[in-house]
Amino acid sequence: MKEDTHHESGNHKKSEPDKTVSSHRHAEIGQEASLKLSGSTHPPGAAPMSPGIEKSPEISNDKLRQLEKSKDVPAGEALTTNQGIKIADNQNSLSVGERGAILLEDFMLREKITHFDHERIPERVVHARGAAVHGFFQVYKPLTHLTKAGFLQQPDIETPVFVRFSTVQGSRGSADTVRDIRGWATKFYTHEGNFDLVGNNTPVFFIQDAIKFPDLVHAVKPEPHNEIPQGQSAHDTFWDFVSLQPETLHNVMWAMSDRGIPRSYRMMEGFGIHTFKMINAEGQCHFVRFHWKPLYGVASLLWDEAQLITGRDPDFHRRELWEAIEAGDYPEYELGLQIIPMQDEHRFDFDILEPTKLIPESLVPVQRVGKMTLNRNPDNYFCETEQVAFCPANLVPGLDFSDDPLLQGRPFSYLDTQISRLGGPNFHEIPINKPLCPFHNHQRDGQHRMSVSGAANYEPNSIDNNWPRETPPGAREGGGSTFKQPVNGEKIRQRSGSFSDHYSQPRLFWLSQTDYEQAHIVDGFSFELGKVQRPWIRKRVVDQLCYIDKDLAKRVAQQVGISISPAQLAYPLPNPVNGLTVEPSLSIYGENAREVAVDYRIKSRQVALLVADGVCGEAVIRMIRRLEQQGVHAKILAPSVGEITTLQGLNLEVNDSFEGNTSVLFDAAIVPTGKESVATLMQNGAAKYFLIQSFKHLKGIGLQGEASALYSALSLPAPDEGVIVNNTPQHLVDELTAVMKQHRVWSREKVAATIAG
Ligand code: HDE
């Protein structure tokens with residue numbers, strides 16, 4: 001605990017007793033008229049503004065303007081049927097007399113109910129649960145030497161994007177904070193057509209060949225007999241598959257690590273996973289792997305915290321994303337490229353066409369070539385987030401597929417699945433999916449066709465003068481021009497020998513983690529295997545871990561009650577990856593990783609101030625101001641919502657109660673001084689639980705003046721690096737935010753594990 005003896009909270013003057021101090025509005029407190037709170041325009045948790053384009057018209061782009069044209073603006077308009085017939089009575093069906101039967105001729109009733117009956121569409125087979133937002137992408141400098149893709153040529157071009165983040169396993173209504181891979185699909189609306197980068201938050205996938213995808217998904221989805229568990233891989237069928245298909249192990253290591261429970265969609269890395277190709281105007285080709293690097297840094301939840309949030313706020317990530325955009329804390333990510341010249345294709349210990357392998361950043365550094373900013377929430381969840389249809393086949397000229405056998409199976413599947421999900425082959429006409437550039441072809445008819453085609457629906461034709469025509473002579477440069485590559489071989493069903501090492505990279509991942517990250521991986525495996533009911537599956541997984549690392553295997557085995565034989569301990573260990581035993585960028589919290597991988601920010605983080613009647617209002621306001629200066633949002637929590645009376649006799653607006661807002665929803669807690677306030681908190685179980693949980697989850701705690709007594713009463717360990725005792729509000733905040741920049745107080749983890757709560 002760090003102490004500052006400068007005390008300024010005792011000297012308060014009473015003034016203007018009936019003035020209310022609002023933490024999120026411009027406010028004056030008592031005689032301190034200079035203490036104005038600027039507040040964020042729309043801080044998290046504030047009353048909702050209207051969504052979408054109306055709320056901040058200055059934020060727009062070509063795609064949003066295109067969408068606006070399909071918007072229904074009903075203000076001042078009559079309620080009508082879908083045929084435009086005005087409805088005078090939307091309360092009563094047409095019946096025979098007051099108590100008589102309803103007439104079948106009531107077309108208003110029939111239309112309303114029939115439409116309602118068909119409101120649901122199938123959810124996505126995987127990635128059903130998601131949240132999406134609009135934004136834009138800009139390249140830093142022309143990438144002409146690598147690709148002819150137009151949107152990567154000019155830094156002054158803002159390409160509109162729509163990004164959907166998702167979990168994989170759970171259904172549409174499942175929780176956000178489950179342990180799972182996160183989907184990260186970006187649709188770039190370029191002027192050469194749509195480019196969809198459909199990736200995940202891990203750089204590797206579970207399988208090598210598309211033909212195994214249904215098996216993987218059937219295994220991880222809830223068990224077929226009882227549809228349990230929801231949003232989780234902690235069950236027999238998943239681990240059965242893993243134990244029998246060792247190529248899954250690398251991605252499983254990532255899923256069991258902190259990466260499987262991200263703190264926020266703004267704080268994850270993203271990966272295109274597969275190797276793609278970039279082709280420039282001269283026809284030269286490079287292999288490329290895509291990365292997204294978050295400017296808010298990479299950060300994760302703790303497992304206990306994630307589970308609690310699943311109950312407290314199942315929409316945690318979705319809400320957080322929405323609120324961040326409303327508050328102006330726009331998610332930002334840099335686009336990174338790993339470029340591999342064609343002649344280097346075989347210079348690695350692994351095959352770059354293999355999606356269960358990453359390319360270590362120490363071998364091929366990630367070049368940051370542009371930035372994506374997400375700055376606009378959708379207007380309507382169903383119309384945009386649910387109906388958006390991504391497809392890895394959507395590549396613009398200058399980008400091309402590699403022969404990765406997993407990638408090769410994807411373009412077909414995504415197109416195919418939309419036909420049943422969105423009800424036919426014309427889903428490209430749904431506004432969110434429409435390209436910005438014009439599109440013309442001879443495809444016709446089908447369910448829900450919207451555009452009206454010309455006289456000739458075939459090519460060649462002489463009726464429409466043979467339009468539209470291929471390029472040239474069509475106006476734009478030809479697309480779909482694949483890289484000319486000699487291919488020769490026999491038709492075979494056989495995995496390449498270069499795909500056969502399943503253990504080197506999981507070992508590299510394991511060895512690159514800090515001690516506490518390793519402990520989390522052990523806990524992740526142990527939790528999941530603990531839920532597996534068939535003992536032979538647990539044993540087989542531990543057996544597989546023996547090929548990765550003996551320490552990992554022993555620690556997991558010990559936690560799930562399995563003994564490892566001397567023969568298993570003698571399994572040979574895999575080789576380093578191209579001489580690497582450690583790759584710093586694989587760790588989230590290691591010193592190197594933090595510097596190499598991210599620009600860490602605390603902007604947008606949230607701090608709770610725990611108060612009751614008699615709190616020092618001046619201190620509260622000063623703290624909030626200081627937090628806001630650093631881009632951190634503060635919420636005042638009290639025993640009940642409404643207002644409290646400060647030590648100075650002012651009314652202070654409370655944002656919420658302790659009951660509705662436990663510590664898992666915040667990044668740090670502060671208890672401001674005030675004798676009466678602290679005495680009340682001491683009698684309040686929810687407030688005490690808040691602090692105990694904050695400590696347990698390795699969060700910073702700030703204590704001012706009398707608040708130290710509350711901390712002592714909880715019998716929490718002291719001193720502690722993350723518990724700041726300081727009487728000066730500004731200093732206390734500065735020390736606390738320094739702790740928050742470390743994300744967690746890792747030095748506390750062992751002692752925190754001994755605390756009940
Ligand atoms: Fe997907 N995947 N996938 N996938 N995937 C779908 O498409 C599929 C794979 C990913 O927010 C589906 O529209 C096959 C890898 C994301 O709408 C479906 C194979 C990666 C999303 C499908 C893969 C992904 C999907 C379900 C193996 C990371 C959500 C609904 C060949 C690089 C997109 C849909 C969104 C969605 C098939 C493998 C990421 C069924 C057959 C590898 C982020 O078409």
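Strands β14 (residues 642–645) and β15 (residues 651–654) run antiparallel and are joined by four bridges, where two strands are taken to pair if DSSP finds at least two bridges between them, and where helices (H or I, at least four residues) and strands (E, at least two) are DSSP runs numbered from the N terminus. The structure is a predicted model, in which local features need pLDDT of at least 70 and side-chain atom pairs count only at pLDDT 80 or more, whereas totals for chains, interfaces and linings use all residues. Residues are numbered from 1 along each chain as its sequence is written, and side-chain values use heavy atoms, with hydrogens and water left out. Within the strand pair, Glu643 stands opposite Glu653 in β15. The two strands form a hairpin with five residues between them, and Gly649 in the turn has a positive phi of about 85°. The C-alpha atom of Leu647 is separated by 8.7 Å from that of Glu618, the two residues being 29 apart along the chain. Glu618 belongs to helix α16 (residues 617–629) and counts as buried because its relative accessibility is 19%, buried meaning under 20% relative accessible area, exposed over 50%, and partly exposed in between (1.4 Å probe, protein chains only).

The iron atom of the ligand has Tyr414 (OH) as its only protein donor, at 1.8 Å; donors are N, O and S atoms within 2.8 Å of the metal (3.2 Å for Na, K and Ca), and sites may look incomplete because water is not among the atoms. Tyr414 is placed in helix α9 (residues 410–421). The buried residues of this helix are Arg410, Pro411, Gln418 and Arg421. Seen down the axis of α9, these buried residues fall within an arc of 110°, so they line one face of the helix, the arc being that of the directions from the helix axis to the C-beta atoms. The elements covering the buried residues of α9 include β5 (193–200), α8 (381–386) and β11 (399–401), while Phe412 and Ser420 are exposed on the other side of the helix. Just after α9, Gly423 takes a positive phi of about 85°.

His520, located in helix α11 (residues 515–530), counts as buried because its relative accessibility is 9%. When neighbours within four places in sequence are left aside, His520 is in contact (heavy atoms within 4.5 Å) with Met256, Asp258, Leu302, Trp746 and Glu749.
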